Amino acid sequence: MCGTCNGNSNSTADEAAVATNGPTTSNGTHPVQGQPKSSPYQSVQDYLSNVGRYKIIESTLREGEQFVNSFFDTETKIKIAKALDSFGVDYIELTNPCSSPQSFEDCKTIANLGLKAKILTHVRCHMDDAKKAIETGVHGVDLVIGTSSYLREFSHGKSMEMIQKTALEVIAYVKSQGVEVRFSSEDSFRSDLVDLLTLYKAVDNAGVNRVGIADTVGGATPRMVYDLVRTLRDIECHFHNDTGCAVANAHSALEAGATHIDTSVLGIGERNGITSLGGLESSLKLLSIHAKAILANPSTYEIISPEDFGLSRYVSISSRITGWNAVRNRADQLGLHMTDDQVKEVTAKIKQMADIRPLAIDDTDSILRSFHLELQQA
Ligand SMILES: [Zn+2]
């Protein structure tokens, strides 16, 4: 619902009638309600699609730490890890413990919180990093190495043969410690496909638990993702959002048979960030909404229910274009009982303030509360 709507427009009665009787065609007949034969909201249902069964690797505490100016102290990291765990993510990925002494300590602390989610750390495909990762007590180690010619030439300088040799040694070591291991290429979309397939076949034979691909530079499109994932299948995917495609690419990857998607809260990460946890969940949630429900109520502007995310609906009332019905809704949520005239009066006060400066939710709530208190004291 739009925050400026006062619910008294002429369309309301028409919409209510349509909601009851179904949409009316130009000749006055009511078409049969239900799922249309074809709809853009219908999901792709084929044997490849993993849209209904996928796992989240939540990387706010790794990729999110690479977001410009981001800083999480230990206490904040614990809070985030617990919140993600109660949200139900499958894995929580942490910054490389080699990054700093505190990163090492934080890995140990979070790995020992006893959360349901498995704790991973993301390290370079290097024996020193792998050993340090194992010391922290994490459940899994995510190994990563660049495979594109750009990264091979300008980052680590290793040939594909060297990469494979190192990968097999490090994977064998991590496995020998009884810890889950993933191998992922960096900049996969600018890597040679034959190189990738050769390398992935070798690490698969070495018994790696997961393999991953990453659109490190964020230039892939959903179509490219579909084609690459369909070739590689059971794979973890990491998408950067430089061209705004990170959620769409994740969705496309799942349709092509990917099994795991890396996300972060609000999509924070290096540069423009990665697939956002909320965006991905929303895009997938949408598929489970039967089109009948949308047809039955054309006045519905929300395709996702806030309750699906453990939230209640909040209609913004913090602007000069706020309508009094929206203010009434918020007052009711806060348990502040007022007559219509009183709500209109406090709406005028909110508009006055909003003309002067931007208001936050807390500002409008306190205007409502103090107005209500004055009414009671009068
Ligand atoms: Zn990344």
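1. Burial and overall make-up. A residue is called buried when its relative accessible area is under 20%, exposed when that area is over 50%, and partly exposed in between, with a 1.4 Å probe and protein chains only. By this criterion, buried residues make up 43% of the 378 residues in the chain. The model is predicted; local features need pLDDT of at least 70, side-chain atom pairs count only at pLDDT 80 or more, and totals for chains, interfaces and linings use all residues. Residues are numbered from 1 along each chain as its sequence is written, and side-chain values use heavy atoms, with hydrogens and water left out.

2. Secondary structure and contacts. The chain has 14 helices and eight strands; helices (H or I, at least four residues) and strands (E, at least two) are DSSP runs, numbered from the N terminus. Contact denotes heavy atoms within 4.5 Å. Of the contacts in the chain with a separation of 6 or more, 68% come from residues 24 or more positions apart.

3. The barrel. Eight strands close into a barrel in the order E1-E2-E3-E4-E5-E6-E7-E8, and the pairing is parallel. The twist averages 25 degrees from one strand to the next; axes are lines fitted to C-alpha atoms, for helices over the stretch in contact, and angles run from 0 to 180 degrees between N-to-C directions. Two strands count as paired if DSSP finds at least two bridges between them. Strand E1 (residues 55–58) pairs with strand E8 (residues 260–263) in the parallel sense over four bridges, and Glu58 stands opposite Thr263 in E8.

4. Strand E5 and its partners. Six of the seven residues of strand E5 (residues 180–186) are buried. E4 and E5 run parallel and are joined by seven bridges, with Asp142 opposite Arg182 in E5. With strand E6 (residues 210–215), E5 pairs in the parallel sense over three bridges; here Phe183 stands opposite Val211 in E6. Helix H4 (residues 127–135) lies across strand E3 (118–124) and strand E4 (140–146), at about 160 degrees to E3.

5. The zinc site. Which residues coordinate the zinc ion? They are Glu63 (OE), His238 (NE2) and His240 (NE2), at 2.0 to 2.1 Å. Donors are N, O and S atoms within 2.8 Å of the metal (3.2 Å for Na, K and Ca); water is not among the atoms, so sites may look incomplete. Along the chain, the donors of the zinc ion follow the spacing E-x174-H-x1-H. Both His238 and His240 are buried.

6. Helix H2. Helix H2 (residues 74–87) has 14 residues and reaches 20 Å from its first C-alpha to its last, close to the 20 Å expected at 1.5 Å a residue; the expected span is 1.5 Å times one less than the number of residues. Its buried residues are Lys77, Ile80, Ala81, Leu84 and Asp85. Seen down the axis of H2, these fall within an arc of 135 degrees, so they line one face of the helix; the arc is that of the directions from the helix axis to the C-beta atoms. The face turned away from the buried side of H2 carries the exposed residues Glu75, Lys79 and Ser86. Gly88, which follows H2, has a positive phi near 105 degrees.

7. Helix H6. The 17 residues of helix H6 (residues 160–176) should span 24 Å at 1.5 Å a residue, and the end C-alpha atoms are 24 Å apart, which agrees. Buried in H6 are Met160, Ile163, Thr166, Ala167, Val170, Ile171, Tyr173 and Val174. Seen down the axis of H6, they fall within an arc of 160 degrees, so they line one face of the helix. Their cover includes H4, E4, H5, E5 and H7. On the other side of H6, Glu161 and Ser176 are exposed. H6 is followed by Gly178, with a positive phi near 70 degrees.

8. Loop residues with positive phi. Asp187 has a positive phi of about 60 degrees although it is not a glycine. Asp187 is found in the loop between E5 and helix H7 (193–205) and, at 1% relative accessibility, counts as buried. Leu266, also not a glycine, has a positive phi of about 65 degrees. Leu266 lies in the loop between E8 and helix H10 (277–287) and is exposed, with a relative accessible area of 76%.
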